[in-house]
Structures are given as structure tokens and as C-alpha cells.
Amino acid sequence: MASSAAHAPSKTFGARQIAARAPAAIERWLERERDQLALWIPVMLGAGAAAWFVLPDPRAWSAALLTATGVAAIATAIGRGGRAGAALAIAAVLVAAGLALTWWRAERVAAPVLTRATIATVGGTVARVEALPARGLVRVTLDDVRWDPVPDPAPVRVRVNLDEAAVPHGLGVGARIAVRARMMPPAPPAVPGAYDFARVAWFDRLGATGRGFVAVTVAAPARDGDGIRATLTAHILRRLPGSEGGIAAALATGDTGAISDDDAEAMRRAGLAHLLSVSGLHITAAVGIVMALVMRLLALWPRLALTGRVPLFAGAAGAAAAIGYTWLTGAQVPTIRSCVAALMVLAALALGREAVTLRLVAVGALVVLLAWPEAVVSPSFQLSFAAVTAIVALHEIPHVRGWFAPRDEAWVAQWGRGLASLLLTGLVVEAALMPIAAFHFHKAGAYGAAANIVAIPLTTFVVMPAEAIALALDAVGLGAPAWWVAHLGLALLLWIARTVAAAPGAVAAIPGMPAGAFGLMAAGGLWVALWRTRWRLAGLIPVAIGAGWALATPPPDLIVTGDGRHLAWRGEDGTVAILRDRAGDYVRDTLAEGAGLDDEPALLSHSAGARCNRDLCWLERGTWRVLATRSAYFVPVAALVPLCRQADIVVSDRRLPRGCRARWVTLDRATLARTGGVAVTLAQRKAVSVRRSGDAHPWVRSSDRGGEKRVARGKRGLFGAEKRGRDRDDGRTGTSRDR
């Protein structure tokens, strides 16, 4: 066992006692694994938090709480002091605690949310300023917002994008400003499996987002100017323009706004996007640089060096560096998690204990989940902890640790052993991260392990030290040579990213993965990583089942966005085409990812099997017929209704007349308002919608523009009865506008 924590007390019993209390085999197995049981505390807490997001409404949450409590009581009664009963009872209590904590947190952060698009003057106190030079924007978050006119309800925290050229002097954290803007509710996923900004915004208490379109009025400028973070970012961008400067700013302050979209996409495709998010790698590098520097300086004082306390002072300096770096980069959840882990490592070193163990990872996860239980469904949380857990679990295996341990041998063998260690670690990390990336981003990289072998040492030992030295020397005007070194390192990093991203087969596009398949792979992976006896290999069974389930899930044949304006259609030859010729990049990327396409989608107007004019598209695949409107212009009812009755599916961004009903399902504005985006698999006659029947999560309720009545109607499902009081067929098809 690699963990240096004190062994848990033995709870073994004689053969007669074991037979009376629990199956002997289970008790003996848990006895051998007793040092690992504590690692499951954050896992069970996270499972309860995840259950709150999966289950639909308060009745289900209450039932889950009662079930977990009942399991704990039964396990305690039956276990009678055995390890199995105690472990099961504690696990059930932790699941209940995680669910209850997440439910409480969701209610605690409740804040008003805008229900429909509106144009208004919003004024408030600037809480955050994010420069996005690559897009020519500045993103401003406002607190204590006042509206003119006042909507009902009126959000008190909003986010507004401003043109970079229109940002006035004095706009910084603490300033009081007002701006005329078009404000929108936080957007739900456009299609099933897409990014759920509405959920993220709920926990950030963000009630609306928008775009300013007139000059900003500054009622009271910021007292501290632009702030240290913004000032440092601007200084770095002056010394290193372009994406190189954007990456340098991301490493120093966590601000990624200056990285071009193409280079950011290349970093993602190459598996290097983790370098742009300040987390464990960056905190470790900052702490290591500071500790090395302080130890060298203090070693020059013989009297102090002879006391043996130099490492303690260096550790204290490293802890201060970790806290300061976390504050400087905006104190995001991944950074806080990494800071907590770094502080625990330093504390373990000060106490003379083994620093990097799975218990350390478990405590870090526990701290994050207790403070932000909603992080359990965040890709950032899942990716960071999966990577760290995989690395530590791999190197805690005795055979692996012995093989890669330092030894007295030729330098060629040492370098070869080190490279083999990096390659094996990279492959294991890629295997651990692939299901998460596929589930959240619908893509999986093939060459990330190889790219990271070069990129991580380059960033840790060249770019970050050079940038730190450059910033320090800039105080006396001598930073140019260090900036030159940093520029070369960053240019090489971008070259690696672009080359790997452009390589054939660099990224495999994966359509939407069922949540059950992802859950099986996650549970199996944790089982393999956290146990130590041979029974850990049983975790490969759910991993294999989950992977097979995901691979066997066919991509959807039809994807419709929640506003009904856009759709993606998979033809008989497997090509994916979109409805509107002038769809934006975000829509194109979202539809392509949902369809499992790693390429630019084609246009339906140029595709075989589709007949399109300015207003309508008629799609055919086998015996299936789909009709979709593609403009806001008037279509005579006399021509539209017969087409609707011949189609199996009708899609429109407008409210269709009563007579325009498809043979299977009609996805018009009224239906999509209840369901959100829809993905249809024709062979299985299966339709998956963004909004589940009866979903009562608070961000779903708050974004429902029809209020509680519409939520009740939504319980009838996608193919339920037509709503009452439908508008009369007045001979018009209606029009719609962008939300």
C-alpha cells in the first residue's frame, strides 16, 4: 500500500463471528482493502450530488433520500459491527448527504431569471471584467442591477458583452455603469447533449446575458483602476501579441480571451487545452519555482541552513505562492481545488509524510464537493480529478513504481525509463479522460498522449519560468531576453498543437453518449483505480459494457434546435447537412458535434435526397418524409397543409396552423417550447428532447416562459395530446424571430 496514512484498525472476527455477521469472503476482502475504504467518501458524496441532477423532481429526490436512509438503517441493523455493514451504511449516508447538499445549494443560490428577451437599460456594479481581444469584446458581469424598463422578474446579476472599442476609461471592478442592451435568458442546451449554460448560470446566480449596443455610461469609475489581473494581462499582451500572448496571459492570470478561435480549437484537438486552464500543472510549477528559488537564497545563510529548517521556510513561501496565484487567476473552482491539493502536499512534506497519495486526491475532491456540489457534473471537475486519480493510482501499483523508480544506471537507460514513464502515464490519462471528453464534447483525441510528452515539460520547465523571470525583470526594464525565450517556447507549443490537430485521425467524432453508458464507465474506472486487490479488475466489466453501449448507440438522423430554426439531417450516404445556408459558426459546430461529425456540415439545398426552395425543404430517406420551413416568409396554407399531411415529421420555427399536422410528430414553435431541442433516430422511432418530462430543476422552471402551467403541460411528453386553446387556423403560418 503506497499511502502513508496510519492503517485503519482491524475489525476481523473469528470464523464463527464472520459466519454470523456477513459472508466470510466479503469480510476478508474488506479487511484487506480497509486502507482504501476512506477513498470512497468523496465518491459516494459525489454520487448523491449526481443523483440530484439525474432525478427529475422533488418527489424523486425525497424518495432517494428516504431510500438511502433506509439502506443505512438496514445495513446498520444487519451488519452488527461487521465491516461490510458499516461500509454500506456510511456509503448510503454519504449518498443522502450529497443529494441533500446539492438540493440545498440549488435553493440557496436561487435568484431571479429573465423569462424572455427584452431591450432595456441595465445598470449596476461591475463584479468582473473579462477581455476577449480575439473577438473584439469585453465581457462585463454586473451585480445589484437596476432595469429600465423593469421586467418581471428582474435579475439582480447579469452579464453583458461590449464592443472593445466602446469600453470607456474607468470601467473596472467596482465601477458603476449603465448600458442599453438586448438581454436574453441564460440559454438551455440547443440540442440534446449540448452545453447547458442555463444550469451553469443558475449556480452563478446569473439571471440574464446580452449585448450592449450604445455607449456605456460610467456613473462612478473603479477605485483601483483596471485591477492587478487586468493590468498584468494587458502588460503580457503588449510584450507578446497574438495567440502566444494569449497563452502567456492564460498561464499567468487565467485569462484566455486573447487566444484566437482557430488556435484554441487546435489546442483542444491536440489534447492540450488543459494547459490553458489554470489547474494542478500550473499551481505545481508556480510552487516549485518559488520553493527552489527560496531554498537557494536561504541556503546562502549558513546559520539558518545548518538548522535544517530551510525546507519549512521554502514550503511556507510555496504555500503563499499557491494562494496568491489562485487569487490572481480569479479563484475558479479548478484553481481552488489545485491550491487545496498543493497546500496539503506541502503540509504532508512538513510532517514528514508521503505527499502524493490517493488520500490526498480524495480530500481535495471532498473539499470541492462540500463547497460546490454542483461541480460533480462539470467537465472541468471530472477531467482534472480523473487525470490526477489515474496518475496517482498508476504509480501506486508496486510493479509500476518499482519499474520506474530511480536507480544507478547509464544515463541512456535513465532517459529511456523516464520517457517510457511519461508515455505510459500519458496513455493511462488519455484512457481515463476519453469517456469524459466523448460524453461532454463528442470528441476524443488520438494523439494527446504523444503531444503532452513534449508540451507539458515545455510549458513547465521553459515557458512558465521564462515568463516569470520576464515579468520580474520588467520592473527594471531588462525582461526582453526572457520574453524572447518565452516567445520561442510558446511558438513551439502552438506549432505542436497545430500539427497534431491537422494530422489525419487526430480527433474521433462521437455522437451523443447515453448517460447510463457514461455512468457505467465512470463507476468501473473508479473501481479499478481505488481498490488494490485482484477484485479491482471486476471494474473492467462495467467499463466494457458502457463502452459497448456507447459504441452501439447510432448517431441521430435528425437534430432540431430548440428554436426550430435549424436542423441537421443525416442522408442515406451518411453525410450530414444543415437546413439554412447562413447558419452561424456556433450553430454549425453544435449540430455537427451532436451528429458525430468532425467536419463542416453540408447544405441541404445542395444535397441529394432533399428538395428545397426559399421557404421549405422536403427530405426523403427510405420511407421517411420530413418537411421543414426555412424562412420567415408567408407560405399559403392551401399549399402547406397537404405537404404536412404527407410528411412523417414537420419542423418549423413558427406556430403552425391546426391543419398542418405530420403523420408522426410535429415540431413547431409550440411543441419545441415544451421540449427544447430534439434528436430523432428513425430506425428506432426514438426522439430524445432537451427537456425531460416532468423536469423540475430550478433552472428549467425559471427559464420556462410559460410559467408553471407550461411545465405541467410538458409532463404529457413529446407525443402527448395537443395543448388546449391552440390558436385558430386563420390562414397564416406565422413568423418567428431569433430569441
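Select aspartate 144 to begin: this residue is exposed, with a relative accessible area of 53% (exposed means over 50% relative accessible area, buried under 20% and partly exposed in between, with a 1.4 Å probe and protein chains only). The model is predicted, so local features need pLDDT of at least 70 and side-chain atom pairs count only at pLDDT 80 or more, while totals for chains, interfaces and linings use all residues. Residues are numbered from 1 along each chain as its sequence is written, and side-chain values use heavy atoms, with hydrogens and water left out.

Aspartate 144 belongs to strand β2 (strands are DSSP runs of E with at least two residues, helices runs of H or I with at least four, numbered from the N terminus). Its phi is near 50°, a positive value in a residue other than glycine.

Next, select proline 149, in the loop between β2 (137-148) and β3 (157-163). A cis peptide bond, with omega about 0°, joins aspartate 148 to proline 149. Continue to proline 153, which also lies in the loop between β2 and β3; aspartate 152 is joined to proline 153 by a cis peptide bond, with omega about 0°.

Now display the open sheet of 5 strands, whose order is β13-β14-β15-β16-β17 with mixed pairing (two strands pair if DSSP finds at least two bridges between them). At the edges stand β13 (610-612) and β17 (665-667); each has a single partner strand, so one side of each is left without a neighbour in the sheet.

Within the sheet, select residues 616-621 and 624-629: strands β14 and β15 pair in the antiparallel sense over 6 bridges. Leucine 616 stands opposite threonine 629 in β15.
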